[in-house]
Amino acid sequence: MTTATTPSRTVLERFPAGNPRGSWPAEEFAATQRAQGTNAQVVMDLSTDQFLVITDTPTD
């Protein structure tokens, strides 16, 4: 029997979707994190109406 495992994700930062610049602040933050070696991605959390910068990399 095979069990599916969901990768652990960490939210690094949250940005309101109503920002006049849209997702740009989240994208800029994620790019900074990637430049520092963290595999950061931007996703939209529809239930909270926020852009989340997440990573699968464990953080301390």
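**Exercise 1. In what order do the elements of the protein run from the N terminus on?**

The model is predicted: local features need pLDDT of at least 70, side-chain atom pairs count only at pLDDT 80 or more, and totals for chains, interfaces and linings use all residues. Residues are numbered from 1 along each chain as its sequence is written, and side-chain values use heavy atoms, with hydrogens and water left out.

Step 1. Count the elements. The protein has 1 helix and 3 strands.

Step 2. Read them off from the N terminus: the order is β-α-β-β.

**Exercise 2. Describe the sheet and place the helix on it.**

Step 1. Two strands pair if DSSP finds at least two bridges between them. Strands of a sheet pair through backbone hydrogen bonds, either parallel or antiparallel.

Step 2. Here 3 strands form an open sheet in the order E1-E3-E2, with antiparallel pairing. E1 and E2 stand at the edges with a single partner strand each, so one side of each has no neighbour in the sheet. The twist averages 25 degrees from one strand to the next; axes are lines fitted to C-alpha atoms, for helices over the stretch in contact, and angles run from 0 to 180 degrees between N-to-C directions.

Step 3. Look at the E2 and E3 pairing. Strand E2 (residues 40-45) is joined to E3 by 6 bridges, and the two run antiparallel. Val 43 has Leu 52 in E3 as its bridge partner, while Val 42 stands opposite Val 53 in E3.

**Exercise 3. Which residues form the largest nonpolar core?**

Step 1. Buried means under 20% relative accessible area, exposed over 50%, and partly exposed in between (1.4 Å probe, protein chains only). Of the 60 residues in the protein, 22% are buried.

Step 2. A nonpolar core is a set of buried Ala, Val, Leu, Ile, Met, Phe, Trp, Tyr and Cys residues joined through side-chain atoms within 4.5 Å. The largest has 6 residues: Phe 15, Ala 26, Ala 30, Ala 40, Phe 51 and Val 53. H1 and E3 are the elements that give two or more residues to this core.

Step 3. Take Phe 15, which lies in strand E1. Its C-alpha is 6.2 Å from that of Ala 26, although Phe 15 and Ala 26 are 11 residues apart in sequence. Contact means heavy atoms within 4.5 Å; beyond neighbours within four places in sequence, the contacts of Phe 15 are Pro 25, Ala 26, Phe 29, Gln 50, Phe 51 and Val 53.

**Exercise 4. Classify the aromatic pairing.**

Step 1. Rings of Phe, Tyr and Trp (its six-membered ring) pair if their centres lie within 6.5 Å; planes under 30 degrees apart count as stacked, over 60 as edge-to-face and the rest as tilted.

Step 2. The count by this rule is 1 aromatic pair. Phe 15 and Phe 29 form a tilted pair, at 6.0 Å centre to centre and 55 degrees between the planes. The pair links distant parts of the chain, with Phe 15 in strand E1 (residues 10-16) and Phe 29 in helix H1 (residues 24-35), 14 residues apart.

Step 3. Compare accessibility. Phe 15 counts as buried because its relative accessibility is 15%; Phe 29, at 24%, is partly exposed.

**Exercise 5. Is Thr 55 buried or exposed, and is Ser 47 buried or exposed?**

Step 1. Thr 55 lies in strand E3 (residues 50-55). With a relative accessible area of 1%, Thr 55 is buried.

Step 2. The side chain of Thr 55 reaches the backbone oxygen of Asn 39 at 3.0 Å.

Step 3. Ser 47 lies in the loop between E2 and E3. Ser 47 is exposed because its relative accessibility is 68%.

Step 4. A polar contact is a pair of N or O atoms within 3.5 Å; within protein, one must be able to donate a hydrogen and the other to accept it, and residues adjacent in sequence count only if both atoms are side-chain atoms. The side chains of Ser 47 and Asp 45 make such a contact at 2.8 Å.

Definitions and conventions: Helices (H or I, at least four residues) and strands (E, at least two) are DSSP runs, numbered from the N terminus.
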